[in-house]
Amino acid sequence: MTMYCAQKRSIAVVAAVLALCGSSVSAAEQKPEVQRLFQSGSYEQAVDAARDGDPASTYFAAQALMKLNRNDQAVAELGRLRGDQPVWRLIAESTEALIANDAGRATEVARRAVEADANNPFAHYQLGLAAGKANDWNTAVPALTRAIELKPDFAYAHYYAALGYQRLRQLSKTAEHFDAFLRLAPDAPERSAVLAVLRTIK
């Protein structure tokens, strides 16, 4: 009986801790199939799979809609993140600024997202995307590298890091990240283009 009570107390403590930091836990989780579908170019299916999902899956859904040039729907999807943690609100705001072709504001807001939660890989990824759009690869590459450190299976962080290293003329790093991209996303729509680049630099 004593052991049973102790177990109940332990469960209660864990539940209390999760209740206090549940939003940060859920921010790191995602539906893995959404990322897999996005990385394979199955954008419609990624959007469908992300429905009523966690913030990371919603973010992938918005990115998928942007790939489909359905920016109004992407903004609507991002609106779902505005009721979430401060970091996700900032990630959404930065993405909306990118959709509006305001790379400067997108970068500034993404920096604030990183400050809000330095352990959120999507905040670093968004900073990398925004800074890359502004042609500030000296900011973009470290941000994307940090996103990879926090989320090693993040294929598109490798993809954009490779583009950044290519702009910085660091071709061995370009090849390293493109190789990682192809390993993680073998069915990505960019596969042929990436292979063509690799043939010229290896």
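**Charged pairs, then the pocket**

Tutor: Let's start in helix 11 (residues 171-184), where K173 and E176 sit three residues apart, so about one helical turn separates them. Helices here are DSSP runs of H or I, at least four residues long, numbered from the N terminus. Keep in mind that this is a predicted model: local features need pLDDT of at least 70, side-chain atom pairs count only at pLDDT 80 or more, and totals for chains, interfaces and linings use all residues. Residue numbers run from 1 along each chain as its sequence is written, and side-chain values use heavy atoms, with hydrogens and water left out.

Back to that pair: K173 and E176 form a salt bridge, with N and O 3.8 Å apart. The term means a side-chain nitrogen of Lys or Arg within 4 Å of a carboxyl oxygen of Asp or Glu. In general, side chains of opposite charge can pair when their charged atoms come close. K173 is partly exposed at 32% relative accessibility, and E176 is partly exposed too, at 43%. The cut-offs are under 20% relative accessible area for buried, over 50% for exposed, and partly exposed in between (1.4 Å probe, protein chains only).

By the salt-bridge rule the count comes to ten. Among them is R146 with E149, whose closest N and O atoms are 3.0 Å apart. These two are also three residues apart, this time in helix 9, so they too are separated by about one helical turn. R146 is partly exposed, at 30%. Then there's D153 with K151, at 3.1 Å from N to O. Here D153 is partly exposed at 36%, whereas K151 is buried at 11%.

Now the pocket. It's an open set of points on a 1 Å grid over the protein atoms alone, where a 1.4 Å probe fits, with protein on both sides within 12 Å along at least five of seven lines; lining residues have an atom within 4 Å of a point. The largest pocket holds about 450 Å³ of space, counted as the space filled by probe spheres set on the points, which are joined across faces, edges and corners. Its lining has 19 residues, with M66, L98, L129, K133 and Y160 nearest the centre. Helix 8 gives the most to that lining, five residues, while helices 4, 6, 8, 9 and 10 each supply at least two. By type, the lining residues are ten nonpolar, six polar and three charged. Nonpolar covers Ala, Val, Leu, Ile, Met, Phe, Trp, Tyr, Cys and Pro, charged covers Asp, Glu, Lys and Arg, and the others, Gly among them, are polar.
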